[in-house]
Every structure is written in structure tokens, then in C-alpha cells.
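This report describes a protein model together with its ligands.

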Amino acid sequence: MNTSTRHYHITTFGCQMNKADSERMAGILENMGFEWSEDPNQADLILYNTCTIRDNAEQKVYSYLGRQAKRKHQQPNLTLVVAGCVAQQEGESLLRRVPELDLVMGPQHANRLQDLLQQVFDGNQVVATEPVHIMEDITKPRRDSKVTAWVNVIYGCNERCSYCVVPNVRGVEQSRTPAAIRAEMEEIGRQDYKEITLLGQNIDAYGRDLPGVTPEGRHKHTLTDLLYYVHDVPGIERIRFATSHPRYFTERLIKACAELPKVCEHFHIPFQSGDNEVLKRMARGYTHEKYRRIIDKIREYMPDAAISADAIVGFPGETEAQFENTLKLVEDIGFDQLNTAAYSPRPGTPAALWDEQLSEEVKSDRLQRLNHLVAIKAAERSQRYMGRIEEVLVEDQNPKDKTQVMGRTQGNRLTFFTGDINELKGKLVQVKITEVRAFSLTGEVVEAREALLV
Ligand code: SAH
Ligand code: SF4
Ligand code: F3S
């Protein structure tokens, strides 16, 4: 390792939003002359981009941080940065807890990393957590993948779900302009990426903070309009978006997805609970009937669409019967994938203060029962792929079997097949599915000619 070059390491926790922020911060650091170091112990600057969605996510950060804080006593010029949602939540108090830290910066400050580090190198200990207008970033992100890329379309969240810290740590909604989004996508297309995922915590809220209304009284800029505006970006073959909120999900959006060939037929729409009373106390703003109607509508337009979601078990006061309504929803809908979590009380959220907190035993029992059902339903959903020809975008080698490559179908199922990564990376390949499992598939390459005959 060249000793005159400064090296950086980033560890990222949490959601895709954080991953996208890390890639932008890595871009800024490389622009400043830093080079990537896989090993944090070889780095001169370590950045933890943190998550606080549940308590265990937050605790993980402290254990990582403790180790590096110790190292700083031997290596005083080591720069330690905590970015992301724990940084925003804890602010100054993080400095008191870990005095070795140089910089504590909330997610809204990601694009300001260079300025903030300049203050650190001038000898200051810096906390940047005040709300700011997020600046358009002119630095090129250092993207982890060469095939798929993330593009933020809206930052923050204006909802107030009673269990959730995100609005506290990510601030109010700020949409990027359609022109800025399209320009970034075009740049990504020129760099040979094939797939883009548009990101927002509540992506259906896109545009409601931008000026302009249509003659019919709608916001001029919506996610649906954005999809029409960006769907033909050259080079980009697939467009995904996440996360959708059932409260704002529209039939117009479903139609757009059915109409636009590059928009993948995969919807990630968290429902959180299948019980109306619990949904009300979560402040989600919809009923399970409304949720079911959305899924029915999607399946009316796109019978084969993949549906995934998030759900929480053990919300304060959730009764056994209410939990069973969640099981029932999962049974009825049959999700392709479901991210499940036991409720975790979060600081600064209303539900954390309620009396009827459930025991860890009840929560983990419900989580296990739900996960069991999810796996059964996902395996059922996988059956429909058996023998079919699916288009797979190849992302990587299968780490467990180097003779195989892996990628995703447009419905987002992980798929493995025999092939050479050097030849296939970034290619869309027609694959005949020969084996199905709950959350992944195996197949074999089909000749293009054969594919046409099918
Ligand atoms: N904006 C998205 C999800 C954001 S957070 C939405 O509205 O659905 C990602 C997921 O974490 C949530 O969908 C929820 O299932 C889970 N989650 C959020 N807060 C939680 C908490 N306090 N305890 C357990 N899970 C939580
Ligand atoms: Fe959290 Fe609700 Fe916003 Fe999703 S919509 S980020 S769950 S407050
Ligand atoms: Fe975690 Fe922040 Fe995302 S709390 S889930 S990293 S928005």
C-alpha cells in the first residue's frame, strides 16, 4: 500500500437510501484523493453510515465504533466519522459517548462531506445535524455494482407512522427535479449500467413538494409522470422503484407500469399489519381492504407481477387475533417476498411510550410463525417459474459456486445458472428455469433462437 496516499473505509448499515448515500460519499472522498481500503484497520479515515430503524441496528454501530475508537489512541491521525441515521438521532450526545469521533453528520449532510472534513482537518470536532436543503451533488458516486444503480428521487418522509424514526432522522420530503433525475440516469446509461432503482422512503410522495398543478388539480410532478419522463433513457433496460406507500398508491401508477416495458413488474408495498385496528394505531392511513384492492388492481393489469412487502409483528397491544389477521393477509395475498420484523420501540416515537408493550417471547414467537408462512407462500409463488424462460440480468458470480453466475429476473427473483461472469456480466440472458426454491431459482441458458421459438 502506498503510504503517501490516504485510504478510506466505509461500512454501511441499513436501507438502500443509506447505500446510495454511501456511494455518493465514497465519490466525494475519491475526488479528494482518498483511495478505498477494504480493511478498516488499514484506513486513515473510517466512515460508519448508520441505521437506527430497530434497536439491534443501532447497537451494532456502537460495537464497531468502540473498536476503532480504541485504535485512535495508537493512531491519533485516524479520522472517525459517523454518518446516517444514528448520527442524526444522537447528534452531540454521540460525541459525549465516543469522544474520539471527529465528525457526526446526519443523512441530509451527505453531499457536504468535503466541507465538513475540511473543518475537521482544520482542527475541529464537528456535528452537522441541522435540517438543510439537500444540494444537488456534482460529484460522481462510486457505485458498488457495475450493472445496477440507485437514483434518489425523494429524500425524507412526511408520514408519522407511530413506530418509525425515519421522519425524525431523514427530515421532511425533498424531491429532486425531474430534469436532475433524468440527467443522472442518462449519465448512468452512458456508463453501461442496465438497471436503475429509483429510491424514496415514500416514493409515492414524489413531487408533492415541487411547484405546479395540472388543470385537473393534481400535482404536476408525480411518480407516474416521472416514470413516463425517464423510461426511455438510452442504455437503461430496467427501471425499478421503492418504497411504495399503500396510502398514495394510484391506479394511474399501475397503468404506467403495465404500459412502460422497461418498468419491472415488481412492487414493494409494505402493509405492516393485516389488522385495521393496529393499522389505525400505527397511523398508516389505510385499511387491509384498501391494501387488498391495490394488489387486486395490480394483478388485474399484470397477472404475473411480483409483490413484496414489509410487516411488523408485536406492535404494542397487538392481540393474538390481530396478529392472525396479518397471517391471513399473507396467506391470501401470497407474497413473493416479505421482510418481517419484531416491533422495536424507538426513541422519539409515540408507540415507544405506550403501556401495552409485548414481551420479547411473544414477539419472537409471532415472528417465527410469520416467517414460516412467508417461506411456504414464497415457495408456492416460485412454482410458477418452473420450466419458464425468464430474462435474467447478470450481476455477479455465484459466490458459492464459481462456475455459476447470478442475477435477477424482472420480478426480482435471484437466479443462478452456469456461465462465465467475464462474458455475461451486465448481459440480459434468456434462462430456462429448471429448479425453484422459496427465494431463488436455478436455470440454464437458452439460445436466442430457441427462445424465439417458445
Ligand atoms: N417507508 C417505508 C419503510 C421504511 S422503514 C414504509 O413506509 O413502509 C423499513 C421497514 O422497517 C418498515 O417497513 C417496517 O416494517 C420496519 N420498521 C420500521 N420501524 C420499525 C420498528 N420500530 N420496529 C420494527 N420494525 C420497524
Ligand atoms: Fe417510516 Fe411511515 Fe415514513 Fe415509512 S412512511 S418511512 S414507515 S414514517
Ligand atoms: Fe435505517 Fe435510516 Fe434507512 S434508520 S432503514 S438507514 S432511513
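Asp304 and Arg388 are joined through their side chains by a salt bridge, with N and O 2.8 Å apart; the term requires a side-chain nitrogen of Lys or Arg within 4 Å of a carboxyl oxygen of Asp or Glu. The model is predicted: local features need pLDDT of at least 70 and side-chain atom pairs pLDDT 80 or more, whereas totals for chains, interfaces and linings use all residues. Residues are numbered from 1 along each chain as its sequence is written, chains are lettered from A and ligands numbered from 1 in the order in which they are written, and side-chain values use heavy atoms, with hydrogens and water left out.

The protein chain is divided into domain 1 (7-128), domain 2 (148-384) and domain 3 (386-453), with bounds taken from an automatic or database domain assignment. The size of an interface is often given as the accessible area lost when the parts come together. Here domain 2 and domain 3 bury about 1,600 Å², 48% of it on carbon and sulfur atoms; this is the accessible area (1.4 Å probe) lost on being put together, summed over both parts.

Two salt bridges are found across the interface of domain 2 and domain 3. The count of residue pairs in polar contact between these domains is 13, with both residues at pLDDT 80 or more. A polar contact is a pair of N or O atoms within 3.5 Å; within protein, one must be able to donate a hydrogen and the other to accept it, and residues adjacent in sequence count only if both atoms are side-chain atoms.

Helices (H or I, at least four residues) and strands (E, at least two) are DSSP runs, numbered from the N terminus.

## Ligand shells

Around ligand 1 there are 15 residues, of which Tyr163, Gln201, Gln272, Asp310 and Ser344 come nearest; a residue counts if one of its heavy atoms lies within 4 Å. A polar backbone atom of Tyr163 is 3.0 Å from a nitrogen atom of ligand 1.

The residues around ligand 2 include Cys157, Cys161, Cys164 and Gln201. Those around ligand 3 include Cys15, Cys51, Cys85 and Gln201. Because domain 1 and domain 2 both give residues to the shell around ligand 3, this ligand lies between them.

Arg190 forms a salt bridge with Glu187, the closest N and O atoms being 3.0 Å apart. Both residues lie in helix α7 (residues 178-190), three residues apart, about one turn of the helix.

Most residues other than glycine have a negative phi, and most peptide bonds are trans. Asp192, in the loop between α7 and β10 (195-199), has a positive phi near 80°. The peptide bond from Ala242 to Thr243 is cis, with omega near 5°, and Thr243 is found in the loop between β11 and α9 (251-259).

Methods:
Buried area = accessible area lost by both parts, 1.4 Å probe.
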